[in-house]
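Please examine the sequence and the structure shown below before reading on.

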Amino acid sequence: MRKFLPFAAILAALCLSACGTSSPDALANNDPYEATNREIFAYNQKLDDWTLHPTARSYNRNIPQPLRESIHNTLTTLDLPVTFANDVLQGESKRATQTLTRFTLNSIVGLAGLFDVASGMGIPEHSEDFGQTLAVWGMDEGPYIVLPLFGPAPPRDAVGRVVDIFFDPTIYIRIKQHPWWIVGRNYFTLLDLRARNMETVDDVERNSLDYYAATRSLYRQYRANEIHNGAPGAPQPSEE
Amino acid sequence: MYKFPQGHYVMAATQPLRLMLAILVLAAGFAGFLAPAQAATPAEQYITDNVQKGLTILNNKQLSKDQRRTQFQVFLLGLTDIKTIADYTLGQYRRSASPDDLAAFDDAFKDYALAVYQTYFNKFSGQTLQVTGSYPLAADESVVKTVMIDPAKSHEAKPLEVDFRVVGRNGRLAVIDFSVEGVWLREMQRSEFTSYLGQNNGDVPTLISSLKKKAQQIR
């Protein structure tokens, strides 16, 4: 998922974060601004409860599954140039070729990405972003930070999201520079993500004693898995 | 000059080639013979045999909701090592907890974990498990990689990746964690519990009380 992330939001969040206090547990979790992060997380959760969650539920109920699948396919096809750029930057030639083939097939045969022809031909979907590229190059994640509206965004991933904007060719197409294009695409990306993970997110929230800590762990583990491209290395090696 | 019969020339010329060919054929046959031997490790076999049993319970529409829950809990207790998981999730607070608190925590965690695991396994209802491989973590531990095949989804859809961390101790294999798309549940629970305890002065009885309430809510 790519999200437009204004620099102002990052700066505002960093300023807010500086007000946080650091308990020993927060420091152990590399979450020095935990108190502030929890406040922003609670705010984001309310926003989700009031807006995104009901909209995503209505979207799942009222839009037929094949149409939702086509919208998802189109959105992921639009993301493929960013994935391709990051495949190349990570030196992943095989995955870069897969991405290029997926883009060509799904754009042309799949009618502008409406149909995922490539997966049917055994070329699997994968996603890369500049945050992952920075991780592959050896950069640490940095302290855990939650941004208003945008959710978890440690510095490495926040920088990655900003850089990815410039890898996206659609921002250079004059006709697409209309703000509605950016707003609409990001809105549908967010809606698609929320709708596809509706049950999982609801389950995690319902089963959690501390939803904030669960989300932090989930985010870090999921990112680690993405960075490793699903290869061994994600689980903790042994017990204490 | 004595001339060898024509056939002898041919035989002499082709003998090394035949020998090489015979070695290649034998080698290929041997490799083909060896390949099935590495098909399934004991951990992979354990997951193949047992997790499918759990899915069969969830898919059994003839059972009532209560019967399904009871049978699935018995299955989970046999599949997993709940005590090891419980110990791990307490993190550093395990060292400072009293034996009574630890025993009470183990009981509360068992109820909570069984309820949570059933929630997640219910998502795989109607699907079949396919083991795709495994890799070792230690001499007695490995991760078994699987995918859940959902017949309701189109063949283009990427199958869900579910991995199981299997440990072999005292002559018994047991699952001590599982992950969905790279997110390990035990790790997530440890992060939650230690964070919760951090905010409650490390008071394990408070955690136990919350776990009991949560288990009831989930059911």
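The points below are grouped by topic. The model is predicted. It includes two helices of chain A that cross at roughly 75 degrees, and a contact that takes 31 residues from chain B and 31 residues from chain A.

**Two helices of chain A**

- The axes of helix α3 (residues 34-62) of chain A and helix α9 (residues 179-196) of chain A come within 9 Å of each other.
- Because angles of 65 to 115 degrees count as roughly perpendicular, α3(A) and α9(A) are roughly perpendicular to each other.
- From α3(A), the residues L52(A), T55(A), A56(A), Y59(A) and N60(A) take part, and they meet L190(A), L191(A), R194(A) and A195(A) of α9(A).
- This contact of α3(A) with α9(A) has six nonpolar, two polar and one charged residues.

- On the side of chain B that touches chain A, the elements giving two or more residues are α6 (99-122), β1 (128-138), β3 (160-169), β5 (183-184), α7 (185-199) and α8 (204-218) of chain B.
- The largest share of that side, nine residues, comes from α7(B).

**Paired strands of chain B**

- β1(B) and strand β2 (residues 141-149) of chain B run antiparallel and are joined by nine bridges.
- A hairpin of two residues joins β1(B) to β2(B), and Q130(B) stands opposite V147(B) in β2(B).
- β2(B) also pairs with β3(B) in the antiparallel sense, over eight bridges.
- Here V144(B) stands opposite F164(B) in β3(B).

Key:
Residues are numbered from 1 along each chain as its sequence is written. Chains are lettered from A and ligands numbered from 1 in the order in which they are written. This is a predicted model: local features need pLDDT of at least 70, side-chain atom pairs count only at pLDDT 80 or more; totals for chains, interfaces and linings use all residues. Axes are lines fitted to C-alpha atoms, for helices over the stretch in contact, and angles run from 0 to 180 degrees between N-to-C directions. Helices (H or I, at least four residues) and strands (E, at least two) are DSSP runs, numbered from the N terminus. Angles under 35 degrees count as roughly parallel, over 145 as roughly antiparallel, 65 to 115 as roughly perpendicular and the rest as oblique. Two residues are in contact if their C-beta atoms, placed from the backbone, lie within 7 Å. Ala, Val, Leu, Ile, Met, Phe, Trp, Tyr, Cys and Pro count as nonpolar, Asp, Glu, Lys and Arg as charged, and the others, Gly among them, as polar. Two strands pair if DSSP finds at least two bridges between them.
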